[in-house]
Amino acid sequence: MKTEPTLICIPDISGFTKFMSDTDFELSSKVIPALLNQIIYSNEIGLKVSEIEGDAVLFYRTGPLPPLKELVDQCRQFYLEFYNRMAILRKKYKENDDAILIPDILGLKIVLHYGEEVAPMKVGNRIKLFGEDLIIAHRLLKNNVPLDEYLLLSEALTDQYKNTTIENNFGWGKLVEHGSEYEEIGEINYSYIGLSPLVD
């Protein structure tokens, strides 16, 4: 397998399990696909879809990284469009008593990671990614960040922007440095910033 440096971006719907269990299937089967589609349609920086994973979209991009501001703006766009779509869906399905739960339960978190050795392989009509960095990106979704909605940037990604003043790209809050310990992988350092101020 030929490996290549790859940007990995995973927007993940928080509250997915609770929403699926607390609302009737007819509503959830319309709302979740609509929100996932909205995330995909909001992609403006040439990210490619590798997989749609029930409550998340696995995006990737090989080649040179985009400017950090462009990448942050894209994540901001994912979040704002997600919330706009939730408001539309709540109004559209207002006859369903569970529609009020759409913005009360659902939210969005986004993980960004950069891997030097990711191998894209064609499986069927999809490109599936392989490599330890893909495992790390998925593990980063399980962390001890004390927020439900956030943008998380792995240290492997921020290291690529060492000559950029990173904090200048976040006009709504401050990045917090953090880390989590993972079995078989060890400690992974990252930074995060809450997304909820964007819609508060």
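Colleague: How many salt bridges does a search of the whole structure find?

Modeller: The structure is a predicted model. Side chains of opposite charge can pair when their charged atoms come close. A search of the whole structure for such salt bridges gives a total of five.

Colleague: Are aspartate 12 and lysine 109, which meet in a salt bridge, buried or exposed?

Modeller: The side chains of aspartate 12 and lysine 109 meet with N and O 3.9 Å apart. Aspartate 12 belongs to strand β1 and lysine 109 to strand β4, 97 residues apart. Buried means under 20% relative accessible area. Because aspartate 12 has 8% and lysine 109 has 15%, each counts as buried.

Colleague: Which strands does the salt bridge between glutamate 51 and lysine 128 tie together?

Modeller: The N to O distance in this salt bridge is 2.9 Å. Glutamate 51, at 22% relative accessibility, is partly exposed, and lysine 128, at 30%, is partly exposed as well. The two residues are 77 apart in sequence, so the pair ties together strand β2 and strand β5.

Colleague: In which helix do aspartate 73 and lysine 69 lie?

Modeller: These residues form a salt bridge, with their closest N and O atoms 2.8 Å apart. They are separated by four residues, about one turn of the helix. Both lie in residues 68-92, which form helix α3.

Colleague: Where in the chain is confidence lowest?

Modeller: The mean pLDDT of the chain is 92, and 98% of its residues reach 70 or more. Confidence is highest in strand β6, at 97. The lowest mean, 82, belongs to strand β5.

Key. Residues numbered from 1 in each chain as written. Predicted model: local features only at pLDDT ≥ 70, side-chain atom pairs only at ≥ 80, totals over all residues. Heavy atoms only, no water. pLDDT = per-residue confidence, 0-100. Salt bridge = Lys/Arg side-chain N within 4 Å of Asp/Glu carboxyl O. Buried < 20%, exposed > 50% of the residue type's maximum accessible area, 1.4 Å probe, protein only.
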